[in-house]
Amino acid sequence: MVNTEKIMHVLSAMRFYKPAERQPCYYCERISAVEKEQGYPTRDGIYTFEKYIFRCAWHSRFSCSRCGNQHHFSWLYWCPQKEELVCGDCNKPTLKPVAFWDRTYAYEFYCEECGEHHVDLFYAEFQGQHPWQLGHQTVRSCIDAQKPWTPIWSPTKQRAGIKLELVEALKLPSRVLQLREDLKITQFKVLRSAVPDEEIDLPEARESWETNTEQWTQLTEGDLNRQLIIDPALWSLLGDVKDLHVLDAGCGNGYFTRKLASKGANAVGVDYSRPFIKYCKRVESELNLGCDFYEMSLTDMNNFESKMFDIVISNVVMVDVLDYKTAFKEIARVLKDDGRFIWSNVHPVFGRTAGAIDPRLPRDSPRNEERYLKMIDRYFDSGGERIDWMENPTWQFMRTLEEYSKALKSAGFVISEILEPRPTPEVIQQNPRHLSFDADRWTHFIIFECIKRH
Ligand SMILES: C[S@@+](CC[C@H](N)C(=O)[O-])C[C@H]1O[C@@H](n2cnc3c(N)ncnc32)[C@H](O)[C@@H]1O
Ligand SMILES: [Zn+2]
Ligand SMILES: [Zn+2]
Ligand SMILES: [Zn+2]
């Protein structure tokens, strides 16, 4: 792992940490820079949640009246009707494209209690609608500070900010150049990140899928990444599948296999996890969509004759397959000549976890611009990464683009297209926090369309 702590420290030492005794509030400083005439006070930063960014009571955390959890101030809104603070986990917001202070969007929440829209505490403060500005002194920040609401600063008049186009609001400035300048560092010290193939515990990798089945079967439409980013791109390549023989390789809970069947394909799903296949068969016996499911490994699909399928689809599976070279060969074998192999995967560059960090400061902030940038290292370390996934540790395998490209070629494929799917601005607006890896700034996934040569 890259030493995140150390990099955080360097970042903060260079940019935020002033070695004076008094720590100014990170947010107050930024606001007062734009609010000079209005005399915005730079309050003392008396709270810190990661030891680097100091924040005043206004800009620390507040407890949600519903779930009781503490959240970054910009992840909560105040309902004046109910007189309660509610967090974005309890009531999902959308993004409101609006320029205020040095920001370009706010979170907006539809409140079922009063039928009105409310905004997060950051934007509310800009408008003069923060509960403390309205005199609701009982609202407490996470630490019960003494009179944190003094001095009560308010804008001279209520303001609405400047309406922006959504695309404009999402265009956050790149931090890379500034960071390079600040750090004056050209090399990071790194440790080894990937575990070589021969050291991977394969039964353990397989078992983790078997223990994860329960949670996966809840995702009847796939997870949000699939729904919002990957699947629309897969379908754009798949086109009309009516009457085609399609294999869903590594079908998991089978949701995609069922989609294929409902669009008229002769759909077959394969997975090496027994609980998944059992589940798929049970659902099929209820729905009768005409799907067939088989428990087998992609590296050994002997039950299938050669040249059976028009299309093989595989949705975020290769990242879990240790012997991807053999899997590619088997997939090529069961495909007809000129048949297509369309597969999505975690992106070899951006999907890395072990050799990458993307620091967010302050760490509890939900806001995109407070994620610094993605730093990637050890790209050539091909092998396994142990990751926490749905509460169970599992293995994922990172390969370079070159390794995938070479393996596809030697299995008899030519790559006809590569997609790097990303959500539309509207999808981001509707799901501001769920696309949490900043899907509009780099891609987390890749999709290959390959054609079997003959
Ligand atoms: C990330 S899940 C994706 C499941 C499904 N395609 C989806 O999109 O929901 C990866 C799946 O690959 C399966 N898998 C991993 N290695 C496999 C192998 N060698 N043979 C067959 N299935 C495998 C796992 O059991 C798991 O169901
Ligand atoms: Zn502050
Ligand atoms: Zn809550
Ligand atoms: Zn309300």
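Which residues touch the most other members of the largest nonpolar core? They are Val246, Leu247, Val312, Ile313, Ile331 and Phe341, in a core of 59 residues. A nonpolar core is a set of buried Ala, Val, Leu, Ile, Met, Phe, Trp, Tyr and Cys residues joined through C-beta atoms within 7 Å. A residue is buried if 20 or more other C-beta atoms lie within 10 Å of its own, exposed if 12 or fewer, and partly exposed in between, with C-beta atoms placed from the backbone. In soluble globular proteins, nonpolar side chains tend to be buried together.

This is a predicted model, in which local features need pLDDT of at least 70, side-chain atom pairs count only at pLDDT 80 or more, and totals for chains, interfaces and linings use all residues. Residues are numbered from 1 along each chain as its sequence is written, while chains are lettered from A and ligands numbered from 1 in the order in which they are written.

The largest nonpolar core has 59 residues. Helix 10 (residues 324-334) gives the most to this core, namely six residues. Helices (H or I, at least four residues) and strands (E, at least two) are DSSP runs, numbered from the N terminus.

Two residues have a positive phi without being glycine. Asn288, with phi of about 50°, is found in the loop between helix 9 (274-287) and strand 13 (292-295). Asn288 counts as exposed because it has 8 C-beta neighbours inside 10 Å. Asp338, with phi of about 65°, is in strand 15 (residues 335-346). Asp338 counts as exposed because it has 10 such neighbours inside 10 Å.
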